[in-house]
Amino acid sequence: MNNKYIAVIFNLPIEKPFWYRVPPEFKDEVKIGQRVLAPFGKREMVGFIVEQSEKKPRGRLKEIIRIFDKFPPLDNNLFSLAKWMSEYYCCSLGQALHSCLLYTSDAADELDGVDLGGRRI
């Protein structure tokens with residue numbers, strides 16, 4: 001059984017991604033650009049998948065809890081814009097992606113009460 005691992009970035013002033021193990025039930029669903037709910041310290045946060053791997057990263061990994069999007073809300077153009085924003089405005093890529101993504105009323109309902117890194121919606 002091949003395991004799958006994903007790198008997730010959060011709406012935090014941290015540049016590096018955090019690696020998570022993908023549970024078997026989500027193995028075929030994960031795509032770069034999707035929002036996921038993942039444990040982060042003593043809380044659960046929403047982050048964006050920025051990389052996938054079948055090779056296990058070093059360290060002890062936690063599993064993601066939930067995938068919010070069937071189709072990633074971020075396309076290559078939006079991702080490029082967020083990279084530019086993070087360099088120009090000296091913020092993390094996670095902060096830039098978070099501010100790029102417009103939340104529809106459906107997404108806001110789905111994310112109700114979830115920690116988005118500094119604010120709850």
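**Contacts in a predicted model**

Modeller: A search across the whole of this predicted model returns zero disulfides.

Colleague: Which cysteine sulfur is closest to that of Cys91, and how far away is it?

Modeller: A disulfide is a covalent bond between the sulfur atoms of two cysteines. The criterion applied here asks for sulfur atoms within 2.5 Å. The closest cysteine sulfur to that of Cys91 is too far for a bond: it belongs to Cys90, at 8.0 Å.

Colleague: What is the distance from Cys100 to the nearest cysteine sulfur, and is Cys100 buried or exposed?

Modeller: Cys100 takes part in no disulfide, since the nearest cysteine sulfur, that of Cys91, is 8.9 Å away. The relative accessible area of Cys100 is 13%, and the limit for burial is under 20%. Cys100 is therefore buried.

Colleague: How many salt bridges does the count come to?

Modeller: The criterion is a side-chain nitrogen of Lys or Arg within 4 Å of a carboxyl oxygen of Asp or Glu. Arg21 and Glu63 form a salt bridge, with 3.5 Å between the closest N and O atoms. Asp69 and Arg35 form a salt bridge too, at 2.5 Å. By this rule the count is two.

Colleague: How many residues apart in sequence are the parts that Arg21 and Glu63 tie together?

Modeller: Arg21 is partly exposed at 27% relative accessibility, and Glu63 is partly exposed at 35%. The salt bridge joins Arg21 to Glu63. Arg21 belongs to strand E2 (residues 18-21), while Glu63 sits in the loop between strand E4 (43-53) and strand E5 (66-67), so the parts tied together are 42 residues apart in sequence.

Colleague: Are Asp69 and Arg35 buried or exposed?

Modeller: Asp69 and Arg35 form a salt bridge. Asp69 lies in the loop between E5 and H1 and Arg35 in strand E3 (residues 35-40), so the pair ties together parts 34 residues apart in sequence. Asp69 has a relative accessible area of 10% and Arg35 one of 4%. With the limit at under 20%, Asp69 is buried and Arg35 is likewise buried.

Colleague: Which residues make up the covered face of E2?

Modeller: In a regular strand the side chains alternate between the two faces of the sheet. In E2, the uncovered face carries Trp19 and Arg21. E2 pairs with strand E1 (residues 5-10) in the antiparallel sense over four bridges, and Ile6 stands opposite Tyr20. The covered face of E2 consists of Phe18 and Tyr20.

Colleague: How many aromatic pairs are there, and what is the geometry of Phe10 and Phe18?

Modeller: The count comes to seven aromatic pairs. For Phe10 and Phe18 the ring centres are 6.1 Å apart and the planes meet at 50°, so the pair is tilted. Phe10 is buried, at 4% relative accessible area. Ring pairs link Phe10 into a cluster with Phe18, Tyr20 and Phe40, and the geometry of Phe10 and Phe18 is tilted.

Colleague: What kind of aromatic pair do Tyr88 and Tyr89 form?

Modeller: Tyr88 lies in helix H1 (residues 76-88). Tyr88 is exposed, at 54% relative accessible area, and Tyr89 is exposed at 54%. Their ring centres are 4.9 Å apart with 80° between the planes, which makes the pair edge-to-face.

Colleague: What is the accessible area of the nonpolar patch on the surface?

Modeller: Tyr88 and Tyr89 are among the members of this patch. Leu81 and Trp84 also belong to it. Together the four expose about 480 Å².

How values were computed. Residues numbered from 1 in each chain as written. Predicted model: local features only at pLDDT ≥ 70, side-chain atom pairs only at ≥ 80, totals over all residues. Heavy atoms only, no water. Patch = residues over 30% accessible without salt bridge, like charges linked within 9 Å, V, L, I, M, F, W, Y side chains within 5 Å. Areas by Shrake-Rupley, 256 points an atom, 1.4 Å probe, with all protein chains shown as cover. Helix = DSSP H or I, 4+ residues; strand = E, 2+ residues; numbered from the N terminus. Buried < 20%, exposed > 50% of the residue type's maximum accessible area, 1.4 Å probe, protein only. Phe/Tyr/Trp six-rings, centres within 6.5 Å; stacked < 30°, edge-to-face > 60°. Pairing = 2+ DSSP bridges.
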